[in-house]
Amino acid sequence: MQIPAYLLIGLFLPLFPLSMGFNFVLGRSRYALLRILLLLIWPQIGLTLLQTLDSPVPDWVVPLALFTAALYALRALALRDVGQWSGFLATSAWALLWIAIQGDVTILQLHLFALGFSAPLVLLALLGAGLERRFGAAYTGLYGGLTESIPRFSAILVLVVLAIIATPLFPTFFIMLATVMQAVTLMPLVAVVVAFVWLLWSWAGARLLQGLIVGPTNAEGIFDLNRLATGAYALGLILLVAGGLYGIGGLL
Amino acid sequence: MTLPLGQQLKIRTMIYVAGEPIPFFWPMRSFIHHNPLHGLEHLPFPEAVATGAQLFHGRGFLSRQEHQRYLAQNKVAHTALVAGIDEFLVQQPSIPGIDLPHWLMTLLTRTTQPVMRANTLADANHVHAVIQRTEHLDATLDPDTLTAMLHDSLLGACPLYEAVDRLYGTGIGTELDELVIKSCLDFFDEGQSVWHMPGRKQGLFSAWRELALRNARLFVRGLHIERILENEPHPEGVIASVMTELGIPEDKWVSCFSRELSRLHGWAGFIRWRANAKHYYWGQRYPADLVDFLAIRLTLALALLAERSRQRIATDRGALENLIQTRPRETWLRHELHSGAVLPAYAQRVEQTLARGRAKPIEKCFDDFVRAKCHHDAEDQATRLQQLAATADASTSLEALTAAQLESLMQVLQQFEDAEGMLWLRAMESHAMETVLRDVNLAPPAPRDKRPFAQALFCIDTRSERIRRQLESAGDYQTFGIAGFFGIPISFMELGKGSEAHLCPVLLKPKNLVLEMAATAPEDVAATTALEKVLHELKESVFTPYVTVEAIGMLFGFDMIGKTFMPQSYNRWRQRLYRDKPSTHLLLDKLDREQADSIVRAVQRAVVAKAIEQEFELEPEAITDDMVRELREAALGHAARAPALGEALALTPETEQTFIQRLRSVYRIEPAFAQLQMEQLARIGFSLDEQTNFVSQALHSIGLNREFSRFILLVGHGSTSENNPYESALDCGACGGNHGLINARALAQMGNNPRVRQRLRAQGIAIPDDAWFLPALHDTTTDEIKLFDLDRLPSSHVVYLDRLRSGLTGASRMCAQERLPQLQLVPEECDPAEANQHARRNAMDWSQVRPEWGLSGNAYFIIGRRQLTRHLSLDGRAFLHSYDYRADPKRRLLESILTGPLVVGQWINMEHYFSTVDNERFGSGSKVYHNVAGRFGVMTGNLSDLRTGLPAQTVLDQGHPYHQPIRLITVIEAPYEHACRAIEEVATVKNLVRNGWVRLLIIDPDKNTAHIYDHNDWQSRSLSGSNPDEQPMESTAS
C-alpha cells in the first residue's frame, strides 16, 4: 500500500518518470490561467497527500528525487520554449521538496516552500503569455534584443527569471539555502548534488535570457508593457522579496 | 605529403584573390581611416554596396526612418526625390488605377517600414485572395522548387559548417570563430600578455601547428587535429586537403575562401595589412599571412565538423546533397527552424517533430507548416499593401486590381525598395551641393594695402575650418589649407625611441629619416618613472600581483578618485611629477660622406672601448686611445695585430686574436656592418635640393608665393584624451595617425634655412628676411594652439609674440564656444572662457567616451581659394585645400592634391559613411564594451573579431546619426577644362568619380558656371544668382 501511495504522491511532487505527467498536462494547457493554476496547486496536492501517510519517506526516494531534479535542470539548458522551460524548472524545484521533507521542517513550511517555488513561475507563465501575444510564441532564438524593443517587459522578465533560479532576496533563494543547510548536516553528498542543481538552474536561466534579451532587435511594432502592468509585476516582485526576507527567510 | 610547388602557388594566388575585398586594418596606435569596401572600389557604388552587403552582412544605406528624419530637418532635396521617382518609373510598366509617383512618394516619405516582404512563400495570387477577402488558395511547395531553394541556400558559396549550423543549430561557426580568435590573440600579441606563445618566429601556421598537436584542451573536446595535420607540414597542403575532404569543387574555392575571410574580416584585414607592411617590426619578427590564417581556420573547421559527425548528422557536401535529394521536406523544416525563419507558433512543433524523426509526422508537419506560413505571409503582405494604400488614400484602387496587376505592382514596389537607398542618398547629396553652390563667393579678393599680420597654414582636416574662421575674425590673419604633413613624407625617430614612425599618408613611403636630438644634456631618470617601472614589473610577475594589491592597492584607489572627480587638477598635479621632455632639435640636414664616416668611426670607437671594459673589466681611465684605434683597425682588417692592449694586459697573441675576432662577430666591428651603417646614415635628413623642393611645393600648392607676413605659422594638429584606444583616430590622418607637429617643425626649419631661401628666390619665391616660419600645434580636443621652437625665433619678432598669442587664444576660445554645445557639455549660450575650461577638462576626463566629434560630419572637400568660402560657416564639415589655378598652368599641383589629399579624404568620408549606416558591422559598436586586444586593436567583450571602423560614440548621437552619411562632395574651383584634364590624368580619382565614390563639382569662376558629374555625364548650370531649383541643367559637351 505504501509504494502505490508514494507513486501517487510522486506524480504531484514529481519523481521521474512520473514527472512526465505534470509536463504533459502543462504542455497541453493552452490557457495561461490553467497553467497558473497547475503551477500553484500541483505540488500542494502532493504535500497534502503526503500528510495522509504516517510512515517515514523510504530511502530510495531521496536519490530518485535528486536524479529528477538534476535531470530536469540539465534538460532545461537546451530548451527554447519558455512554457516548457518553466515546467522543467518547476519539476526540478518541486523534486527538491523531497529533500526538505527529510529535514526538520514542518508541513506548513513545506507548503510555503512549494508556494515559494511556484510563485515566480506563475509570473513567468504570465510573461510567456505576453510573449505569445506579441511574437506568436514564447520561444528563444527566433527574436532577440527585447531589451531594446520592449525594455520594461525585458526588465521584468529578467527579474522573474532571477527569482526562479534562486537569486538572493527571493524566496527560492532561502528555500534552497535551507535545503542545502539541512542536507549538509544530514547527508553531505546530497548537499553537493542540490548545490549542483542550483548551479544548473542559474546556467539555464542565463541561457534563456541570452536567447531573448540581448542581441540586435528585429521586432517591428511590438508594444511594451503599459505602466499599470509594469507596476503590477513590480508589486509582485516586491511581494516576493518581502516574502523571501520576512516570510520564508524569517522562518529559518 | 608535400604539395607540389605549382599547387602551392596556385592556392596562394587563390587566397590572394579571395582576400582582395577584405579591407586593410592598421594597428590602432596609428589609426588609419579607410573605406571598408576599398576592395570593391572598382565597382560602381550601388553595385559595391550590394556586394559588400552580401559579403560582410552589413547594410549599405540608412533605414527609411532615418532618412525621413533628415527630410523633416530639411536636409534632403525634395525635388531630387521627385526626380528620382520619375527616373525610376521610366523603366516600369504603368498599372491601371494606380498613381505610381504618388504611391512611391508615399512609400518614401510616409511609411516607416518596408512594404515588401523578403523570402515569402506567398505569391501575388495569395495576396490578392486576402485583399479580396476570398477563400485562401491552397499552398504547396513542389519538390523541385524546394530542392532548388535548399541547394541555393546550403550548397552555394557559404562554408560547409554554416550549412550544417543552419540545418542542425550546431553553432560550429561561432565556436570556430572563438578558437581562431584565441589563436590569433596568442600569436599576434604585441606585449600585452606577460607569457608569450612559443615558436612565433617560425610564423603563424608553424607556431600554431606545434601547439595544436600538443593541445590537450582540443583533444579533450574531441577535436583530433593531429589527423588533419600529421601529413601536411605546409599550410597550402592543409588547405588543399581540407577542401578536398569537405568535397568542395575547386571552382568554388575562391568564393569559399572569401566567405571564410569575411567572417572575421577585422583579423583577416589586420593579417593582410601586416603581411604587406614590410617595415612593420612585429611583422618582420613574427611573420604571418592569410594562407596561414586560412589553414588554421579550415583545420579547426574540419575538426569541429568531424566531432559533430559523431552525432550522426550530415557534415560533408556529399551527405548534404544526399539529404536534400532524399529528405527535402525534413531538410527544409530543419533549415527554417535553425535559421530563425520558422513561424514562432510552429517552432515547438517543428522542433519536437524533427526530434522524433518519424517520416509521416514530418510530412504532415511540413504540409501544415507550408500552408500556415503561406497564409501568414499572404496576410502580412496584404496588410502592408493595404496600409500603404490607405496612407496614399488609394484603398479602393488596390482592391480593384486583378491578380496580374497586383503582381506588377508588387514587382515595382520590390524594385523600388531595392533602389530606395541610392535615391535618398542622392537627394541628401543634392541638398548639400545646393547649399554650397548657393553660398560660394566667386568674386576675386579685394586688393590689400599691407601684408597680413600673420599667415597660418592649417591642415585640410575638417576641424581646421572652425579655428581658421575664428582666427580670421580675430584680427589681420590669413589662413591656408594644406595636407597636414605639409608635403614632407618623414620617417621619424623620436628622442628615446628605437623605432621609426611614418609621418605621412599611408599611400606614401618616406625615404628620409629625421632624428630628434636633445638640445640639452641628458638627465637622470626621474624617481616617478623609476617607481612606475617597478610597479609595472610587479604587476607582470606571476605571484607578486597578489602582494602588490594588498600592499599598495590603496595608491591606485587615490589615483582612481583623482582621475574621476578632479580630472583637471589631479592630472596637472601628476604631470608635475614627471620631468618635461627636454628641448629638442630635428636632424634635418643630410650628412655628407665625411660626416657620416666620422660618425661611424666614433660609434666604432665607443663600442670597442665598451667591449674592452666589459671583456677585461678595465676601468675607463685605463683604456687608451691607442688601444682603441689599434683594435678597431685590426677588427676592420686594416692591421694584423693590436699590440697596445696585449702589452697593457700581458695577453698572449692567441687571446688578442680571439678578442679581435669577438669584436667582429659579437660587436659587429667589421667592414660589411660599417657599410650598412653608412647606408642607414645616408637616409638621415634631406639634401638642400630636397628641402628647397618641399618648401617650394608646399607654398606653390596653396598659392602662397608672395606677400609673406612676419609670421608664417605652420599649424599641425593632434588631440588629447584619456583612456581612449581611438586617440590616434583623432590625430592627423595625413601624418599617418600621428600628431602633425614634427612635419610642421621640419618645414619651418627648412623654410627658415637661408640657403633654402636663396634657392627659392631663384625659383621666383622671394621670402623676405623678416618672415619667419613658426611651428605650432592645434589641439583639436581643447582648441588650443601652442607655439613651438620659440628658442629659434629672431629677437626682432619677440615683440610681436604677445599680439600673436592673444589672437590665437581668442580664436581658440571662440572655437570652443562654437563647438562645445554640439558635444552637449555646455549650454548654447556659454561664454568662451567657460567653454575653454570645459574643453580642457574634457580632454583629461578618463570616463569621457566622446572627447570630441573628430571628423564626424565631413561632407565637402573644397579645392580653391579661401575667398570662395571664407564668409561661410561650414560647421567643421569641409576639408579645405587652398589652391589657385592661376599658379598652376600645367595642373601638376591640382593632380598632386587629387592624388593624395583627396584620396585620403575619400577614405575618411567612406569610413564615416559606413560606420554610420551600419555601426555594428562596418563600425565598431559601442566603446563601452571595448577591450584592447594585443595592443593593436580592440574587441567587443573579451573575445570578438577585431573591431574595425569607428565607434558608435563617434558617429551616432543617442542612437541616431550625428554624421550625415553622404559621399564626399568635392568642389574644385578652376576652369572646367583645367579641372577635367587634371581628373583624367589621375586614374585613381577618375575611377572614384566615374564609379560614384565621390561626387564631383567644378566651379568655373571665369564663366560663373558649375559642372556636376552625375549619371556618367557632366551637367552644367549658371551660378548667376537665381533660384537653383529653377536653374536648367545642361549636359556639358565633353
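**Notes on the model**

1. Arg668(B) sits in the loop between helix H31 (653-665) and helix H32 (671-682) of chain B. Helices (H or I, at least four residues) and strands (E, at least two) are DSSP runs, numbered from the N terminus. Arg668(B) is not a glycine, yet has a positive phi of about 55°. Arg668(B) is partly exposed, with 15 other C-beta atoms within 10 Å. The cut-offs: 20 or more other C-beta atoms within 10 Å of a residue's own make it buried, 12 or fewer exposed, and anything in between partly exposed, with C-beta atoms placed from the backbone.

2. Please keep the source in mind. This is a predicted model, in which local features need pLDDT of at least 70 and side-chain atom pairs count only at pLDDT 80 or more, while totals for chains, interfaces and linings use all residues. Residues are numbered from 1 along each chain as its sequence is written, and chains are lettered from A and ligands numbered from 1 in the order in which they are written.

3. A second residue of this kind is Asp783(B), with a positive phi of about 70° although it is not a glycine. Asp783(B) lies in the loop between E8 and E9 of chain B. Asp783(B) counts as buried, with 29 C-beta neighbours inside 10 Å.

4. Two strands pair if DSSP finds at least two bridges between them. Strand E8 (residues 772-779) of chain B and E9(B) are antiparallel, over three bridges. Leu777(B) faces Lys786(B) of E9(B) across that pairing.

5. Axes are lines fitted to C-alpha atoms, for helices over the stretch in contact, and angles run from 0 to 180 degrees between N-to-C directions. Contact requires C-beta atoms, placed from the backbone, within 7 Å.

6. There is another open sheet in chain B, with four strands ordered E4-E3-E5-E6 and mixed pairing. Strand E4 (501-503) and strand E6 (584-587) of chain B are its edge strands, each pairing on one side only. Strand E5 (residues 512-518) of chain B runs antiparallel to E6(B), joined by four bridges. Leu587(B) in E6(B) is the bridge partner of Leu515(B). Helix H34 (residues 741-751) of chain B lies across strand E3 (490-493), E4, E5 and E6 of chain B, at about 110° to E3(B).

7. How many residues of strand E17 (residues 998-1004) of chain B are buried? Seven of its seven. Both faces are covered, with Val998(B), Leu1000(B), Ile1002(B) and Asp1004(B) on one side of E17(B) and Arg999(B), Leu1001(B) and Ile1003(B) on the other. Strand E16 (residues 968-973) of chain B runs parallel to E17(B), through six bridges. Strand E18 (residues 1009-1014) of chain B is antiparallel to E17(B), through four bridges. E17(B) and E18(B) form a hairpin with four residues between them, and Asn1008(B) in the turn has a positive phi of about 60°.

8. Now a helix pair. The axes of helix H13 (residues 235-245) and helix H17 (residues 290-309) of chain B come within 9 Å and cross at roughly 35°. Residues making this contact include Val238(B), Ile239(B) and Val242(B) of H13(B), and Leu294(B), Leu298(B) and Leu302(B) of H17(B).

9. Chain A deserves a look too. The peptide bond from Phe16(A) to Pro17(A) is cis, with omega near 5°. Pro17(A) lies in the loop between helix H1 (2-12) and helix H2 (19-28) of chain A. Among the buried residues of H10(A) are Phe173(A), Phe174(A) and Ile175(A).

10. Last, the contact between chains takes nine residues from chain A and nine residues from chain B.

Terms used. Two residues are in contact if their C-beta atoms, placed from the backbone, lie within 7 Å.
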